[in-house]
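Please keep the structure in view while reading.

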Amino acid sequence: MAETAKPLVLDVDGTFLKTDMLLEAFWCGLGRAPFATLASLRHLAHPARLKAELARVAPLRTDLLPLNPEVAALALASHAEGREVVLASASDVTQVARLAADYGFSTQVYASDGAVNLKGEAKAQALLRDMGERGFDYAGNSTVDLAVWKRAENALVVGRVRGTEALTAAGQTVVQLPGGWSWRALAKALRPHQWVKNVLLLLPMIASHHFDSATLVQVLWGILAFSAAASAIYVVNDLLDLEADRLHPTKCHRPFASGAVPIGVGMAASGALVALALGVAAALNPSFLGVVALYMLTSLAYSLRLKRMRWVDIATLAALYTLRVVAGAAAGQVDTSVYMLIFIFPVFVTLGCVKRLTELTLATSDERLPGRGYGRPDRGDLLNVAGLGVFGALLIFFRYSLSEQGRELYPDTWLLWLAMLPMGWWLIRMVVLGWRGKQDYDPIVFALRDKLGLGILMLTLSLMFWAAGMWSDWFGF
């Protein structure tokens, strides 16, 4: 098809690109200027005006937007052979013109201009006016493109589109190109491997020695609710971080950043998960519902703003992990020690510092991390804060061993003191590995795959069980 002199006209959203520029602009704007972005929604009844407003509020890095590889290969090969390649989209004209310039395509673009929303029949009429009936080939990916395909010489269909059978029946040449998304890619976007963090909800039950099945069932329902809530926020975080992720050496492969899953699908999935989380939480008890709601609101604040603030982001991460422990107590309706909450916080401050240390060590330049407030000069300060976190956690654990509750639950206090040795070893080892860049970008995920680290943690827990007399209760010695 590259031999013909007829122009190759490409739809943009979902065709040349594996994403949608309107939704890209919305999430970009929500991260940069949330109030202005939300204010632009007053134009929902006028799509062209809405697109123009969002394009103004949130200019996109169009050179970073993910391409549909088959369509892009055809377009670039056609352009190299001297064929005119024209972009025709319902997205705003400023965005489409910038995208065309990025790839050296025709400066003549067809797009929405703030007054006319150029899709379907409106797009077909604009192309007919300049190119004539059968004067172009057209690539699209939606049923709204049928109006254009009927006027084109050849129809290039991306993915499965209902109604294209009529084009073939009418004698028109239809070329099928790959498109669409997979449930597997969506599942990856939900980060199910991160759900293991929610085992923290079991801590209050274990620490207070409530091992009855009724409490366990309640906490397991709580873990389900927290997993759904966490996945909903992971999706929102990824949508807010699209540009930063595309600049990252590994995060650029995430489903939304790479275009493997459409943004609209992610939004629908996030909404469904929020409903699931709140529904399960409400069924458990009002206290747990309040903790889940607080967790999601704090996570949303983190995604929108707090993660870009140095030190505040680490404190917020630690607070979110601490909320999991509070949620476990609320779900199982068991009392939890204040010492436990105070102990958990510096542990996760340390791991938050480890996360940033790893990212800075593995960074390929001295520039600040995309979407974060840290640069390589901050490594020393992060190491110091991590060290303070280790010291604080061990000090609080020691104080707990001397408390009335600690002595009651763990009669052999000296074994708790002995457990501090592997506990400190594990924390210090995590800091050292982060400093050397020997970890995964997520220290929790790394810890769950680290055999030596898991062995150290098991030794710590064994000593704590021994101190509580559990081994003798369970095994009779």
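Leu 418 is found in helix 20, where helices (H or I, at least four residues) and strands (E, at least two) are DSSP runs numbered from the N terminus. The model is a predicted one, in which local features need pLDDT of at least 70, side-chain atom pairs count only at pLDDT 80 or more, and totals for chains, interfaces and linings use all residues. Residues are numbered from 1 along each chain as its sequence is written, and side-chain values use heavy atoms, with hydrogens and water left out.

Leu 418 counts as partly exposed because its relative accessibility is 36%; buried means under 20% relative accessible area, exposed over 50%, and partly exposed in between (1.4 Å probe, protein chains only). Leu 418 belongs to a nonpolar surface patch of about 930 Å², whose other members are Phe 391, Leu 395, Phe 398, Leu 402, Trp 414, Trp 417, Leu 421 and Trp 466. Such patches are made of residues with over 30% relative accessible area and no salt bridge, with like charges joined within 9 Å and nonpolar side chains (Val, Leu, Ile, Met, Phe, Trp, Tyr) within 5 Å. A salt bridge is a side-chain nitrogen of Lys or Arg within 4 Å of a carboxyl oxygen of Asp or Glu. Accessible areas come from the Shrake-Rupley method with a 1.4 Å probe, and for residues only the protein chains shown count as cover. Helix 18 (379-402) and helix 20 (413-435) each supply at least two residues of the patch.

Strand 2 (residues 85-92) is largely enclosed by the rest of the structure, because eight of its eight residues are buried. Strand 2 pairs in the parallel sense with strand 1 (residues 8-10) over three bridges; two strands pair if DSSP finds at least two bridges between them. In this pairing, Val 85 is the bridge partner of Leu 8, and Leu 87 stands opposite Leu 10. Strand 2 also pairs in the parallel sense with strand 3 (residues 110-112), over two bridges, and here Asp 92 stands opposite Ser 112. From strand 2 the chain crosses through helix 5 (residues 93-103) to strand 3 in a right-handed β-α-β crossover, meaning that, with the strands pointing away from the viewer, the path from the first strand over the helix to the second runs clockwise.

Six strands form the open sheet, in the order 3-2-1-4-5-6 and with parallel pairing. Strand 3 and strand 6 (173-177) are the edge strands, each pairing on one side only.

Overall, the protein chain contains 23 helices and six strands, and buried residues make up 53% of its 477 residues.
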